[in-house]
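Me: I'd like to learn how to read a helix-helix contact. Can you walk me through one?

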Amino acid sequence: MAVSITAILVLTLTLFAFQTKIDFTFASGFVLISLVILVIFGVFVILFRDRILSIVYSSIAALLFCFYILFDT
């Protein structure tokens with residue numbers, strides 16, 4: 001199920017990146033800073049071991065890497 005969802009998501013985001021006229025390369029600094037903040041937040045998630053915090057961390061990571069797909073494509 002996870003493989004199917006990932007494949008559909010990557011395919012959809014790639015098709016969107018190909019057909020849109022928006023240039024996502026302007027956000028290179030945002031993507032880098034967001035990744036650094038995500039890593040720091042990940043340390044706090046490991047230290048506090050809270051289930052809700054882990055879900056929030058996973059959701060933010062998924063959104064950030066969706067943006068990475070748009071940025072790289």
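Reply: Contact here means heavy atoms within 4.5 Å. By that test, Leu9, Val10, Leu13, Thr14, Phe16 and Ala17 in helix 1 meet Cys66, Ile69 and Leu70 in helix 3. These residues split into eight nonpolar, one polar and no charged (nonpolar: Ala, Val, Leu, Ile, Met, Phe, Trp, Tyr, Cys and Pro; charged: Asp, Glu, Lys and Arg; polar: the others, Gly among them). Keep in mind that this is a predicted model, where local features need pLDDT of at least 70, side-chain atom pairs count only at pLDDT 80 or more, and totals for chains, interfaces and linings use all residues. Numbering starts from 1 along each chain as its sequence is written, and side-chain values use heavy atoms, leaving out hydrogens and water.

Me: At what angle do the axes of helix 1 and helix 3 cross?

Reply: Axes are lines fitted to C-alpha atoms, for helices over the stretch in contact, with angles from 0 to 180 degrees between N-to-C directions. Helices are DSSP runs (H or I, at least four residues), numbered from the N terminus. The axes of helix 1 (residues 2-19) and helix 3 (residues 51-72) cross at roughly 40 degrees and come within 9 Å. That makes helix 1 oblique to helix 3 (under 35 degrees is roughly parallel, over 145 roughly antiparallel, 65 to 115 roughly perpendicular, the rest oblique).

Terms used. Helices (H or I, at least four residues) and strands (E, at least two) are DSSP runs, numbered from the N terminus.
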